[in-house]
Amino acid sequence: MAKRNNDNISISDALKEFVETNRLEKGLDKVNVADAWAKLMGNGVHNYTSSVTLERETLYIQLTSSVLREELSYGKQKIIDMLNEELGKDIIKKLVLR
């Protein structure tokens, strides 16, 4: 069991410490990337998205529309930059549209 700390700390600091101690950051990044995709791409693209998966530094997006996949493939780097900016750190290096 972890030692009790008598110092007063904020909840956000306590949560950050908990995430770091239990190595949960990668799992949280996966959830945050999916949320950022839905937020940035809007309902039009999100409705045609069947799955969003982050593996290492590669984001895999499964789309149900081949036309949309072709259109998004022209702006891959812009999408990567937008998502990384939304997340506040460089998580995504490569984008694969399926």
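Reply: Glu25 is partly exposed, with a relative accessible area of 39%, where buried means under 20%, exposed over 50% and partly exposed in between, using a 1.4 Å probe and protein chains only. The model is predicted, so local features need pLDDT of at least 70 and side-chain atom pairs count only at pLDDT 80 or more, while totals for chains, interfaces and linings use all residues. Residues are numbered from 1 along each chain as its sequence is written, and side-chain values use heavy atoms, with hydrogens and water left out.

Glu25 lies in helix α2; helices (H or I, at least four residues) and strands (E, at least two) are DSSP runs, numbered from the N terminus. Leaving aside neighbours within four places in sequence, Glu25 is in contact with Val19 and Lys89, contact meaning heavy atoms within 4.5 Å.

Helix α2 (residues 25–46) packs with helix α4 (residues 76–87) at an angle of about 115 degrees, and their axes are 10 Å apart. Here the axes are lines fitted to C-alpha atoms, for helices over the stretch in contact, and angles run from 0 to 180 degrees between N-to-C directions. The contact is made by Asn32, Val33, Ala36, Trp37, Lys39, Leu40 and Met41 of α2 together with Ile79, Met82, Leu83, Glu86 and Leu87 of α4. These residues divide into nine nonpolar, one polar and two charged, given that Ala, Val, Leu, Ile, Met, Phe, Trp, Tyr, Cys and Pro count as nonpolar, Asp, Glu, Lys and Arg as charged, and the others, Gly among them, as polar.

Not counting residues up to four places away in sequence, Met41 touches Ile79 and Met82, and the C-alpha atoms of Met41 and Met82, although 41 residues apart along the chain, are separated by 9.9 Å.

Turning to α4, its buried residues are Ile79, Ile80, Leu83, Asn84 and Leu87. Because these residues cover an arc of only 130 degrees around the axis, they are on the same side of α4, the arc being that of the directions from the helix axis to the C-beta atoms. On the other side of α4, Lys78 and Glu85 are exposed. What covers the buried residues of α4 includes α2, β2 (58–63), α3 (66–73) and β3 (94–97). After α4 comes Gly88, whose phi is positive, near 85 degrees.
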